[in-house]
Every structure is written in structure tokens, then in C-alpha cells.
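Here is a short report on one protein model. It goes from overall fold to single residues.

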Amino acid sequence: MKHIYLLRHAKSEWDEPYDSDLERTLSRRGKEQSKALREYLKESRFEFDQCLVSPAERTQKTYTSLRKEILRFPKPELREAIYDADKEDLLFLLHGLSSSVRSVCLVGHNPGLEDLGSSLLFGETDTSRFQKFPTASFLGLSFSGDSWKDITWGSCQLAVFWIPGQIGKE
């Protein structure tokens with residue numbers, strides 16, 4: 001059994017001028033989202049063998065916030081291919097993982113992460129089946145195969161879908 005965790009970065013800052021989109025950091029709301037996610041993940045006991053993170057400042061800050069108190073999470077591996085990736089790019093990245101990796105976390109951006117998650121769950125579609133995939137969303141999927149190369153559209157099952165601010169809401 002393989003596990004894929006998709007984490008969209010927390011809310012980023014838009015009010016400050018940046019030379020590059022890669023430099024945008026977390027907003028105050030994003031820091032609050034990261035804290036809520038950290039509390040959820042501390043309680044949930046999810047574990048990752050590997051964590052691949054976009055080089056954008058906001059993705060790195062989101063994951064660093066989690067590792068601050070969750071020492072079981074591995075050091076991040078920055079992957080430029082995650083920034084501005086579409087679902088096919090992200091699937092290619094998954095296919096390249098070592099078979100010894102049981103669980104991976106991808107920390108990235110929309111629409112790539114949302115489209116990847118939707119297609120892994122529901123099969124190839126032109127549009128996402130998620131009604132909402134906001135910043136700091138955490139999606140967990142499971143795959144029954146032994147090799148990452150065997151993952152195809154529609155081959156995963158939902159393990160968890162957490163959205164900040166939705167706990168206790170129906």
C-alpha cells in the first residue's frame with residue numbers, strides 16, 4: 001500500500017511587492033492556517049517517508065511551520081518541477097519515486113494539486129470534481145499497488161480531506 005498526501009500551501013501575501021511570484025510569503029491568515037493544519041497533523045499521526053516541496057517561499061514556509069513541532073516529518077526536498085506543474089507533471093514525479101518509499105507528501109500549488117487529486121480519485125477529467133480545494137488543504141490518498149509506476153488516473157482511494165476552518169462544520 002502506498003500513500004500520497006497533497007498539501008496546498010497556506011494563504012500567501014498579495015499586498016507586498018515582490019520581484020517574483022516565487023518570493024511571495026505567507027500572509028497573517030496563512031500563518032493561522034498553517035498553525036491549524038499543524039495541530040490537526042500532530043493529532044492525526046500521519047507520516048511521510050519523503051516530502052517534495054515547490055521552491056516557492058510560501059510552500060517552504062508552510063512545510064517549515066509543520067516541521068517546527070512535528071519532528072517525525074522528513075526534511076523537505078525542493079523540486080522545481082512542482083512549481084507551475086500540471087497534473088501530468090506531478091504524476092510523472094510520482095512515477096519516479098523509489099519503490100522503497102511508502103508515503104510521499106507533495107507541497108505545491110493549484111490548479112496542479114487539485115487536478116492531480118481529482119484525477120487520481122475519479123479518473124481523467126477536464127475539470128476537478130472537488131467543490132473546493134482552498135489554501136492549506138490536505139488530501140490523503142491510498143494506492144494498493146507496490147510500484148509508484150503503476151499509479152494511473154482513478155487508481156486511488158480517499159483517506160482524508162482536511163480543509164482549514166471546516167472542523168466541526170457540516
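The sections below cover the basis of the model, its fold, its cores and selected residues.

## Basis

This is a predicted model, in which local features need pLDDT of at least 70, side-chain atom pairs count only at pLDDT 80 or more, and totals for chains, interfaces and linings use all residues. Residues are numbered from 1 along each chain as its sequence is written, and side-chain values use heavy atoms, with hydrogens and water left out.

## Overall fold

The protein has 4 helices and 6 strands. Helices (H or I, at least four residues) and strands (E, at least two) are DSSP runs, numbered from the N terminus. Read from the N terminus, the order is β-α-β-α-β-α-β-α-β-β.

The radius of gyration is 15 Å, which agrees with the value near 15 Å for a compact globule of 170 residues. That radius is taken over C-alpha atoms, and the globule rule is 2.2 Å times the number of residues to the power 0.38. The C-alpha trace spans about 45 × 35 × 35 Å along its principal axes. Buried residues account for 49% of the 170 residues. Here buried means under 20% relative accessible area, exposed over 50%, and partly exposed in between (1.4 Å probe, protein chains only). Take the contacts (heavy atoms within 4.5 Å) between residues at least 6 apart in sequence: 73% of them join residues at least 24 apart.

## Two nonpolar cores

A nonpolar core is a set of buried Ala, Val, Leu, Ile, Met, Phe, Trp, Tyr and Cys residues joined through side-chain atoms within 4.5 Å. The largest one holds 25 residues, and I4, L94, V104, L106 and L120 have the most contacts inside it. At least two of its residues come from each of strand 1 (2-8), helix 3 (87-95), strand 4 (103-108), helix 4 (112-122) and strand 5 (138-143).

Beyond its neighbours within four places in sequence, L94 contacts I4, V104, L106, L116, L120 and W148. A second, separate core has 17 residues, including L7, L41, L66 and V107.

## Helix 4

Helix 4 is largely enclosed by the rest of the structure, because 9 of its 11 residues are buried. These are G112, L113, E114, L116, G117, S118, S119, L120 and L121. Their cover includes strand 1, helix 3, strand 4, strand 5 and strand 6 (157-162). G123 follows the helix, with a positive phi near 95 degrees.

## K87 in helix 3

K87 sits in helix 3. It is buried, at 8% relative accessibility. Its side chain makes a polar contact of 2.9 Å with the side chain of S119. A polar contact is a pair of N or O atoms within 3.5 Å; within protein, one must be able to donate a hydrogen and the other to accept it, and residues adjacent in sequence count only if both atoms are side-chain atoms.

K87 also lies over the face of W153, 5.3 Å from the ring centre. The criterion is NZ of Lys or CZ of Arg within 6 Å of the ring centre and within 35 degrees of the ring normal. Residues up to four places away in sequence aside, K87 touches G112, D115, L116, S119, E124, T125 and W153.

## Aromatic pairs

The structure holds 13 aromatic pairs. Rings of Phe, Tyr and Trp (its six-membered ring) pair if their centres lie within 6.5 Å; planes under 30 degrees apart count as stacked, over 60 as edge-to-face and the rest as tilted. Y40 and W162 are stacked, at 5.3 Å centre to centre and 15 degrees between the planes. This pair links Y40 in helix 1 (residues 28-44) to W162 in strand 6, 122 residues apart. W162 is buried, at 5% relative accessible area.

F122 and F130 form an edge-to-face pair, with 6.5 Å between centres and 70 degrees between planes. F122 is partly exposed at 41%, whereas F130 is buried at 14%. Ring pairs also join Y5, Y40, F46, F48, Y63, F73, F138 and W162 into a cluster.

## Two buried loop residues

S137 lies in the loop between helix 4 and strand 5. It is buried, at 0% relative accessibility. Its side chain reaches the backbone oxygen of P134 at 2.6 Å. Neighbours within four places in sequence aside, S137 contacts L6, L7, R8, F161, W162, I163 and P164.

I70 is in the loop between helix 2 (57-67) and strand 3 (76-78). It is buried, at 1% relative accessible area. Not counting residues up to four places away in sequence, I70 touches R38, L41 and K42.
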